[in-house]
Amino acid sequence: MSTFRTHTISVTTGSTETVADLTADCEAYLRDVANGGDGLLNVFVPHATAGIAILETGAGSDTDLLSTLRDLLPPDDRWRHRHGSPGHGRDHVLPALVPPHATLPVIGGRLALGTWQSVCLVDTNKDNPDRQVRLSFLG
């Protein structure tokens, strides 16, 4: 019989573009709910200006991602969506490129990530430093 459990964590991203590693939070949650079993972990950010990415952190890939997003989505006045800081309209396009969710396999109660993979919140919105991330386990 499958069970569904869900929990929300708060993440403060600050006033700069951020890639925040959520892997430890995901692992801690799974220790509490997975009971060493198999299933799926869904990570969802219910915000119109943030996304979830699976990538390597700490070796420059997180900085490269933010740089690439600045190139693809320049923070200037081209955007029709104009409230907030100058260029904020680009933040509303971000989830089309970095989706607001990821579903990951859980094997034996642990995330089945590759060696260098991390679960990350990607937030380019400098106007909203307080984020909620929903972790849901089905197993």
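**Close-up views of a predicted model**

View 1. Val19 stands opposite Val122 in strand 7. Strand 2 and strand 7 (residues 118-123) run antiparallel and are joined by 4 bridges; two strands count as paired if DSSP finds at least two bridges between them. Strands (E, at least two residues) and helices (H or I, at least four) are DSSP runs, numbered from the N terminus. This is a predicted model, in which local features need pLDDT of at least 70, side-chain atom pairs count only at pLDDT 80 or more, and totals for chains, interfaces and linings use all residues. Residues are numbered from 1 along each chain as its sequence is written, and side-chain values use heavy atoms, leaving out hydrogens and water.

**View 2. Asn35 in its loop.** Look for Asn35 in the loop between helix 1 (23-33) and strand 3 (39-44). Asn35 has a positive phi of about 50° although it is not a glycine. Most residues other than glycine have a negative phi. Asn35 is exposed, with a relative accessible area of 68%; exposed means over 50%, buried under 20%, and partly exposed in between (1.4 Å probe, protein chains only).

**View 3. The buried residues of helix 3.** In helix 3 (residues 89-97), the buried residues are Gly89, Arg90, Asp91, Leu94 and Pro95. Their cover includes strand 4, helix 2 (61-72) and strand 7, with contact meaning heavy atoms within 4.5 Å.
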